[in-house]
Amino acid sequence: MFPLSWLLIAWIICLAFYALIALFTLSTHLRYGVSGLGTYLSAAVFTVGILSVCAMVAGYANHVDWNQMADFGSFADAIFGISA
Amino acid sequence: MIDLKHLPNPIPGERLVFFLRRHPITLLPLIVSIGAIILIPIAVWWYIQTQTPEILDQPTILTIIVLGGSGLFLWAWLFLFQYFLDYYLDMWIVTTRRVIAIQQIGLFGRTVSELRLNRIQDITATVKGIAHTMFDFGFVEIQTAAEEKRFLFEDVSNPNHVAKIILELAEVDRREHLQDAVEEFHMPERQQNTSEH
């Protein structure tokens with residue numbers, strides 16, 4: 001058992017790494033794409049997709065008690081029917 | 001960004017004739033994948049809610065589902081956008097003077113090739129396969145005097161028409177170059193007639 005907040009911290013670290021790659025991808029797209037609506041629209045769709053998911057997760061995270069302990073025993077029991 | 005009205009290294013009197021990308025049908029795997037990454041989480045969520053709703057009562061499990069699911073979706077979204085970039089940043093530009101081929105190779109590779117029309121010797125258009133024939137897209141290969149084929153238009157729409165137009169443009173460009181050479185070296189008329197025969 002470990003604090004649930006560890007999951008959130010791990011998720012944020014992965015997100016930071018992800019943001020670097022996404023920014024680089026976006027800059028490549030804007031740098032080498034043809035100037036026009038298609039380039040801006042596709043970049044906007046990509047960005048909005050990412051921001052929407054982050055906003056949803058942030059909205060959910062506001063309602064979670066991150067101080068509670070993560071119990072993987074009951075998780076395994078619930079999913080696989082394995083008793084701890 | 002590439003501005004089609006102001007191409008790099010412009011040639012005087014140059015006009016844009018074609019701006020080509022691969023046929024949009026080649027994006028079908030991408031569209032199916034996007035549909036899958038949107039529908040699969042919804043289906044899984046519906047299954048859990050209807051078949052094993054007691055799982056959602058446990059905050060640990062719900063948190064893992066939300067964080068894990070969002071992480072998977074974000075990485076899949078990034079991967080699909082990179083697949084789209086591979087399509088979107090590959091382009092072939094045909095003007096009245098040259099052909100420019102731009103190929104994006106992953107995120108860290110890019111090849112830009114340029115070929116003057118008067119150097120084209122042979123063009124081959126290939127349409128092969130059921131999907132290619134139904135949607136009329138295929139390959140256009142341009143052969144120059146060099147041993148290696150330098151230019152290949154992949155999965156472009158209406159390849160026979162593209163090949164025909166490029167051949168015509170190459171012929172016009174060669175004639176204009178010949179006239180320029182004649183004017184430059186002030187060849188007398190008698191010599192001109194001999195060379196034409």
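These legends go with close-up views of a predicted model.

Local features here need pLDDT of at least 70, side-chain atom pairs count only at pLDDT 80 or more, and totals for chains, interfaces and linings use all residues. Residues are numbered from 1 along each chain as its sequence is written, chains are lettered from A and ligands numbered from 1 in written order, and side-chain values use heavy atoms, leaving out hydrogens and water.

**View 1. Chain A, end to end.** Starting at the N terminus, chain A reads β-α-α-β-α. That gives 3 helices and 2 strands (DSSP runs numbered from the N terminus: H or I of at least four residues for helices, E of at least two for strands). Of its 84 residues, 30% are buried (under 20% relative accessible area, 1.4 Å probe, protein chains only).

**View 2. The largest nonpolar core.** Here 38 residues come together, and Tyr18(A), Phe46(A), Ile50(A), Trp66(A), Trp77(B) and Phe84(B) have the most contacts inside. (A nonpolar core is a set of buried Ala, Val, Leu, Ile, Met, Phe, Trp, Tyr and Cys residues joined through side-chain atoms within 4.5 Å.) Helices α1 (5-32) and α2 (37-61) of chain A and α1 (28-51) and α2 (59-88) of chain B each supply at least two of the core's residues. The top contributor is α2(B), with 14.

**View 3. Around Phe46(A).** Skipping neighbours within four places in sequence, Phe46(A) is in contact with Ala22(A) and Leu26(A), plus Trp77(B), Leu78(B) and Phe81(B) (contact means heavy atoms within 4.5 Å).

Notes:
Buried < 20%, exposed > 50% of the residue type's maximum accessible area, 1.4 Å probe, protein only.
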